[in-house]
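The sequence and structure come next.

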Amino acid sequence: MKWDTLDQLCGAIKMPEDVCAVLHKVSAGLTARAEADYIVRLCAPAAYDGAVQALTEALKPDEDGMKMLKVMLAAALHSHELYAVRNIGDDVFIPTMQCFSRFVCECREIYGKICFDRAFWVGRQLSLLLFRIGELEYELASLNGAPAISLHIPSDANLTDERVCASISAAQIFLQKYCPGYADKTVFCESWLLSPALKKVLPPSSKILAFQKRFTILHTDENADSYKRWVFKDPDLAPENFPEQTTLQRNLKKYVLSGGKVGETLGILDSL
């Protein structure tokens with residue numbers, strides 16, 4: 001399917017209606033030529049980092065990131081054309097680009113308003129380096145200087161054994177067909193979800209602990225605190241102020257206040 005407008009794209013990726021309303025009112029203030037140049041760069045693996053930095057300056061003031069979001073959604077339309085050139089279908093494109101809708105929903109949950117703070121990240125999706133296949137995301141990356149697949153766990157992922165197995169199997173087929181240079185490469189994941197500390201706060205039946213068993217753990221950065229954003233919805237929250245609305249929140253709060261550290265762990269997937 002060919003899409004020509006942001007409205008069509010936003011409908012396909014289920015962008016919230018009130019966010020769409022804001023986007024309709026927002027103008028990036030760029031000339032057509034400048035925006036076209038940024039879009040090409042945002043969709044290029046080696047150029048998107050620099051493009052984001054330059055675009056951030058060009059769009060100021062953009063406190064809530066909505067100008068940036070509008071330009072990046074326009075870039076996603078260009079990405080859709082790149083998908084078509086490589087014969088990658090909408091069954092991968094749509095879930096991958098739904099990151100935009102997921103991110104604005106996460107921002108609303110964290111900041112209590114409509115905003116977008118993930119410009120630094122989505123160049124991966126736009127430049128066809130990162131694909132969502134089923135529950136998980138697979139990024140064409142490197143580890144210790146060698147090509148590798150970086151596995152990411154979206155916040156809405158269902159980590160049941162059945163869903164995870166289906167994603168991994170589908171990813172293997174996808175990589176063999178569309179990214180053969182990465183089909184047999186190491187798959188690694190760096191996440192708080194792999195932290196050994198979670199064995200102390202989750203029951204043995206936990207889906208997260210079952211997911212951890214798929215990996216050989218290399219090391220843990222005990223001082224990393226990314227878990228705050230995902231568990232407590234506030235990356236700057238002091239432990240004494242952690243909410244206690246879920247069992248995981250209550251158990252983690254007790255664990256951290258008693259001196260425990262969650263950190264972030266790097267692991268290698270035992271098989272793809």
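## Basis

Helices (H or I, at least four residues) and strands (E, at least two) are DSSP runs, numbered from the N terminus. The model is predicted, so local features need pLDDT of at least 70 and side-chain atom pairs count only at pLDDT 80 or more, while totals for chains, interfaces and linings use all residues. Residues are numbered from 1 along each chain as its sequence is written, and side-chain values use heavy atoms, with hydrogens and water left out.

## Cavity

A cavity is a set of points, on a 1 Å grid over the protein atoms alone, where a 1.4 Å probe fits but cannot get out; lining residues have an atom within 4 Å of a point. Grid points are joined across faces, edges and corners, and a volume is the space filled by probe spheres set on the points. The count by this rule is one cavity of 30 Å³ or more, and the volume of the largest cavity is about 30 Å³.

Glu106, Glu109, Ile110, Arg229, Trp230 and Lys233 line the largest cavity. At least two lining residues come from each of α7 (99-111) and α11 (227-232), with α7 giving the most, three residues. By class, the lining has two nonpolar, no polar and four charged residues; Ala, Val, Leu, Ile, Met, Phe, Trp, Tyr, Cys and Pro count as nonpolar, Asp, Glu, Lys and Arg as charged, and the others, Gly among them, as polar.

## Largest pocket

A pocket is an open set of grid points with protein on both sides within 12 Å along at least five of seven lines. The largest pocket holds about 1,100 Å³ of space. It is lined by 38 residues, of which Ile153, Pro154, Ser155, Trp192 and Trp230 are the closest to its centre.

Elements that each supply at least two residues of this lining include the strands β2 (136-143), β3 (146-152) and β4 (187-191) and the helices α10 (207-212) and α12 (247-257). Helix α7 gives the most to the lining of the largest pocket, with four residues. The lining of the largest pocket divides into 15 nonpolar, 10 polar and 13 charged residues.

## Packing of α3 and α4

Helices α3 (residues 32-42) and α4 (residues 48-58) pack with an angle of about 145° and an axis separation of 8 Å. Axes are lines fitted to C-alpha atoms, for helices over the stretch in contact, and angles run from 0 to 180 degrees between N-to-C directions. On the α3 side, Tyr38, Arg41 and Leu42 make the contact (heavy atoms within 4.5 Å), and the α4 side includes Tyr48, Gly50, Ala51 and Val52. This contact has eight nonpolar, one polar and one charged residues.

## Backbone geometry

Lysine 60 and proline 61 are joined by a cis peptide bond with omega about -5°. Proline 61 sits in the loop between α4 and α5.

Leucine 128, not a glycine, has a positive phi of about 60°. This leucine 128 lies in the loop between α8 and β1 (130-133) and is buried, at 5% relative accessible area. Lysine 233, also not a glycine, has a positive phi of about 65° and lies in the loop between α11 and α12.

Notes: Buried < 20%, exposed > 50% of the residue type's maximum accessible area, 1.4 Å probe, protein only.
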